[in-house]
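Work through the two exercises below with the sequence and the model at hand, and try each task before reading its solution.

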Amino acid sequence: MPMTDPAGLRRGYARGSLDEDTVAATWLEQLQRWFADAAADPAVVEANAIQLATADATGRPAVRTVLAKGIDERGIVFYTNYESAKAEDLDANPFGAAVFAWLPHERQVRIAGPVTKVDRAETEAYFATRPRESQIGAWASPQSQVVASRGALDQIVAETEERFAGVDIPPPPHWGGYRITPESVEFWQGRHGRLHDRIRYRRDGTDGWCRERLAP
Ligand SMILES: Cc1cc2nc3c(=O)[nH]c(=O)nc-3n(C[C@H](O)[C@H](O)[C@H](O)COP(=O)(O)O)c2cc1C
């Protein structure tokens with residue numbers, strides 16, 4: 001099969017614009033608007049997916065997709081294994097960056113800031129809403145560890161199902177939420193001729209935020 005040359009892929013962006021007159025007063029309101037657009041459009045698969053970047057103690061970065069499960073004035077919450085590679089990064093270097101890439105809308109939103117564990121009560125409340133098989137998965141998967149085989153993983157799942165047969169499943173102690181507390185949130189809308197719109201909300205001081213346009 002002939003190789004597909006990525007240099008030959010080219011699209012113009014013309015679906016929208018972002019300007020100072022219509023952009024929301026706060027990053028949260030603007031994110032809620034765009035998230036609502038994304039979630040309502042079947043062309044956007046997993047509208048709550050974010051690519052999350054962390055870095056280890058030596059500054060070496062890693063990135064992976066997780067699902068945002070909370071968006072409010074405090075920040076963006078995702079759930080994961082507290083013994084995973086990303087958790088190890090966050091223990092050593094408690095900062096992260098994430099991007100919502102809503103490509104069918106020619107939009108991305110970038111968020112960066114410190115990352116902290118959410119309250120246990122918040123994790124428990126969210127965990128209770130998960131399907132039982134996802135609850136089992138959280139107990140069974142030693143996330144980011146090398147496993148001998150698929151069969152070995154299936155065996156742990158079977159043992160976990162047996163252990164919790166007939167009872168409610170609590171969240172594992174090694175599993176829970178993290179919150180990215182934004183220090184900056186940048187909204188990007190693709191425009192003609194690569195002259196895209198970028199508007200960034202940036203925390204300047206303890207409570208204050210400023211809004212600024214960035215060159216594309
Ligand atoms: C669409 C999608 C959603 C995902 N959601 C999550 C999630 O919410 N939490 C999670 O821990 N991993 C999620 N993953 C798996 C992660 O990308 C990753 O494989 C896993 O968290 C291990 O990452 P780490 O080894 O860097 O810690 C998701 C993957 C995809 C593709």
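**Exercise 1.** Determine which residues of helix 2 are buried, and where they lie around the helix axis.

*Solution.* In this predicted model, the buried residues of helix 2 are Lys86, Ala87, Asp89 and Leu90, where buried stands for under 20% relative accessible area. Because these residues cover an arc of only 155 degrees around the axis, they fall on the same side of helix 2. An α-helix has 3.6 residues a turn, so residues three or four places apart point the same way. Turning to the face of helix 2 that points away from the buried side, one finds the exposed residues Glu88 and Asp91.

**Exercise 2.** Identify which elements supply at least two residues of the shell around the ligand, and which side chains place an N or O atom at a stated distance from a ligand oxygen.

*Solution.* Strand 2 (61–72), strand 3 (75–81) and helix 2 (85–92) each supply at least two shell residues, and strand 2 gives the most, with four. Sorted by class, the shell has four nonpolar, five polar and two charged residues. Among the residues that surround the ligand are Arg64, Ser84 and Lys86. For Arg64, an N or O atom of the side chain is 2.8 Å from a ligand oxygen; for Ser84 the corresponding distance is 3.5 Å, and for Lys86 it is 2.6 Å. The protein covers 62% of the 620 Å² of accessible area that the ligand has on its own.

Methods:
Residues numbered from 1 in each chain as written. Predicted model: local features only at pLDDT ≥ 70, side-chain atom pairs only at ≥ 80, totals over all residues. Heavy atoms only, no water. Near = heavy atom within 4 Å. Polar contact = N/O pair within 3.5 Å; in protein donor to acceptor, adjacent residues only side chain to side chain. Areas by Shrake-Rupley, 256 points an atom, 1.4 Å probe, with all protein chains shown as cover. Nonpolar A, V, L, I, M, F, W, Y, C, P; charged D, E, K, R; others polar. Buried < 20%, exposed > 50% of the residue type's maximum accessible area, 1.4 Å probe, protein only. Arc of directions from axis to C-beta.
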